[in-house]
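Trainee: I would like a close look at a single part of this model. Please keep it brisk.

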Amino acid sequence: MSDRLDVVAIGNAIVDVLARVEDPFLSENAVEKGIMTLIDQDRALGLYDAMPPAEEVSGGSAANTAAGVGALGCKAGFIGRVKDDQLGQIFAHDIRALGVHYAGPITPDGAETSRCLVLVSPDGERSMSTFLGASTQLVADDIDTDLLGRTDWLYLEGYLFDTPEAKAAYARAIWATKRGGGKTSITLSDPFCVDRHRDDFRLLIKGEIDLLFANQAELLSLYEVSDLDSALDMVAQDVDAAAVTLSDQGSVIVRGRDRTWVGATNVKVVDTTGAGDLFAAGFLAGLAQGADDAGAARMGAIAAGEVISHLGARPEADLKALVAAA
């Protein structure tokens, strides 16, 4: 593989395991209904064995973005650690089947592949037990610097920023991308993630990042302010560009003093999981295809609108056709 890629994303490689259960199953297996709980490996293996037949779908925030970029006709890659186990093989197959370049790392040792065990009750409530596993063990040596040297856009997932090893991996990825003439982007992922890493995020964004992705709550948390205008003024001083999503109000793209406002796509909302991931996919794909900020944001809105119109965080419709029709 020697040609350039439009986007390479780095983040958690997670497999969502979804099964429909009756409420007694939850109490019998000590699962608290309607919330997400972090669990250890032994608990993950035991609960997985107890679950009825399930649907296994590759996920992870940055991986969803890479899948969306590929679905929009761009050349995408993904770096994220899995173990060479059943779910690791499922993850690798799924993301490659979407046309995304994926070479792992796939390791024989260490923690099991990350998974989110999703138990869906008859009333539609989702009870999630998440084992972060192998994906959190990413280290600098896992970064394919040759691949990133042929990458136009690097996309980093804030969720993976919790360990010193992951921070070192991100630093290596940024160095390799910039050395090859590419640009860098990051998503803040979650307000709680921002709370944990605010100072480090501010330093990283100001010093190394070309494009920031955030939703309104994340941006307000980053700058510890309560109004959007103040946060937009502050982010304009820290980064060349920021793409800020505003839920059903659409998005605003910030470049210096310029503000580009783009509305959301009007769809019936079924499941908001993956909306931010697919907005980033559409925006990056738009930039890769030569769109201006408004055009890229419209592509982001179309991709996000598609993914919130059904269950699951991966596109089901033909995103290229939706963009062409719009």
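Leaving aside neighbours within four places in sequence, which residues is Ile 106 in contact with?

Mentor: First, the ground rules. This is a predicted model, where local features need pLDDT of at least 70, side-chain atom pairs count only at pLDDT 80 or more, and totals for chains, interfaces and linings use all residues. Residues are numbered from 1 along each chain as its sequence is written, and side-chain values use heavy atoms, with hydrogens and water left out.

Now your residue. Beyond four places in sequence, Ile 106 contacts Val 82, Lys 83, Asp 84, Ala 92 and Arg 96. Contact means heavy atoms within 4.5 Å. Gln 89 is 17 residues away from Ile 106 in sequence, and their C-alpha atoms are 8.7 Å apart. Ile 106 sits in strand S8, residues 106-107. Strands are DSSP runs of E, at least two residues; helices are runs of H or I, at least four; both are numbered from the N terminus.

How exposed is Ile 106? Its relative accessible area is 29%, so it counts as partly exposed. The scale: buried is under 20%, exposed is over 50%, partly exposed is in between, with a 1.4 Å probe and protein chains only.

Ser 251 belongs to strand S15, residues 251-255. Ser 251 is buried because its relative accessibility is 2%. Not counting residues up to four places away in sequence, Ser 251 touches Val 244, Thr 245, Leu 246, Thr 260, Trp 261, Val 262, Phe 279 and Ala 297.
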